[in-house]
Amino acid sequence: MPLNELPDWLSTWCLDHLGGEPAGVLFRAQQVSMVFGLRLAGGTDVVVKARTDDGRAASCVAAQARLAERGFPCARPLTPVVGVGGLAVHAEEYRPGGEVLHGDSPDMALRCVEVFARLMAELSGVTVAPPLPNPPWVRWDHTDSGLWPAIDFLDGRDQSVVSDHIVQTAERARRRLLASGLPCVLGHADFEAQNLRWQGRQVRTVHDWDSLAWQPEAALVGAASGSFASDGPPTLAPIESSEAFLVAYQDIRGRAFTAVELEIAWAASLWMAAYNAREMALCGGSPAGGDALRAQAAERLHRANA
């Protein structure tokens, strides 16, 4: 990407906050956030992230900084969050390298849950303002009208392409989640294979700290148990792999979930899968997640007591 195609504000921002203007572009990506990999004039490589300022970013970056200070494998923020117009912007170190692991077996679940349990243990010692509103794929507690959180780019599309089984599964899962009464904690709500990089048996980097959330621990673990294998378009791990994830998490953390917590974990896996399946249907994306949801919904709803 040529330098002259970068946003107008970015060069001055880098000079003011990082001490050098961009001299080259390493990469550019955009999903929820705009992400720029830049080589500055002094030769330092950095990543600059910019997203719509909804009030969440400062807490997410502060928590990420605490974990990096403690040696957790994540990029170290180089700046706090700075407002630029309607954007929340920060810079962090560039951590290239490592590989994405592929697979959804129980053995893969065990590898991933070790990282997730460590992450949740570290976050339990971090105090920041809750990063609200939660990311929409775990925002079952929204107060918008209707089943789904209000999102313009999805709500304006033809809803008839979303199958009844997706809607009905989401309704039942959400009803169970809202009745839980469990306390909320800070956790990573987008724990997917595509957001982890490995070197051999060791995780090198956990990405996507914009996706921290404030939900019950069991719900965050349940969501991760369903999503951990997503290495591209979102899918839903097999039930036996999610079960292995949940059992191992409790073992590692040294605390057995209550019956209610286990139900909430299974319900959260369904809500996230249904949210993703709806988005894929509306946007013409992969049907894999919807197919997996259709195949597994009855058993997961039974386990959720939903």
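**Aromatic pairs**

I took rings of Phe, Tyr and Trp (its six-membered ring) as a pair if their centres lie within 6.5 Å. Planes under 30 degrees apart count as stacked, over 60 as edge-to-face and the rest as tilted.

The model is predicted, so I note that local features need pLDDT of at least 70 and side-chain atom pairs pLDDT 80 or more, while totals for chains, interfaces and linings use all residues. Residues are numbered from 1 along each chain as its sequence is written, and side-chain values use heavy atoms, with hydrogens and water left out.

I then looked at Phe72 and Trp209. Their ring centres are 5.9 Å apart and the planes stand at 90 degrees, so this pair is edge-to-face. Phe72 sits in the loop between α2 (57-69) and β4 (82-84), and Trp209 in the loop between β8 (202-206) and β9 (212-216), so the pair ties together parts that are 137 residues apart in sequence. Helices (H or I, at least four residues) and strands (E, at least two) are DSSP runs, numbered from the N terminus. I checked burial as well: both Phe72 and Trp209 are buried. Buried means under 20% relative accessible area, exposed over 50%, and partly exposed in between (1.4 Å probe, protein chains only).

Phe116 and Tyr249 form a tilted aromatic pair, with 6.1 Å from centre to centre and 50 degrees between the planes. Phe116 belongs to helix α3 (residues 106-123) and Tyr249 to helix α7 (residues 239-253), so this pair ties together parts 133 residues apart in sequence. Phe116 is buried, at a relative accessible area of 0%, and Tyr249 counts as buried at 1%. I also found Phe116 and Tyr249 in one aromatic cluster with Phe191, Phe228, Phe245 and Phe257.

**Gln250**

I moved on to Gln250, which is also in helix α7. Gln250 is buried, with a relative accessible area of 13%. I listed what Gln250 touches, leaving out residues up to four places away in sequence: Arg255, Ala256, Phe257 and Leu262. A contact means heavy atoms within 4.5 Å. From Gln250 to Ser124 I read 15 Å, C-alpha to C-alpha, and 126 residues in sequence.

**Helix α5**

Helix α5 (residues 164-178) has 15 residues and reaches 21 Å from its first C-alpha to its last, close to the 21 Å expected at 1.5 Å a residue. The expected span is 1.5 Å times one less than the number of residues. I listed its buried residues as His165, Ile166, Thr169, Ala170, Ala173, Arg174, Arg176 and Leu177. Down the axis of α5 they fall within an arc of 160 degrees, so they line one face of the helix. The arc is that of the directions from the helix axis to the C-beta atoms. On the other side of α5, I found Asp164 and Arg175 exposed. The cover over the buried residues of α5 includes α6 (217-227), α8 (259-283) and α9 (288-304).

**Whole chain**

I ended with the totals. The chain has nine helices and nine strands. Its radius of gyration is 19 Å, close to the 19 Å that the globule rule gives for 306 residues, so the chain is as compact as a globular protein of that length. The radius is taken over C-alpha atoms, and the rule is 2.2 Å times the number of residues to the power 0.38. Of the 306 residues, 53% count as buried.
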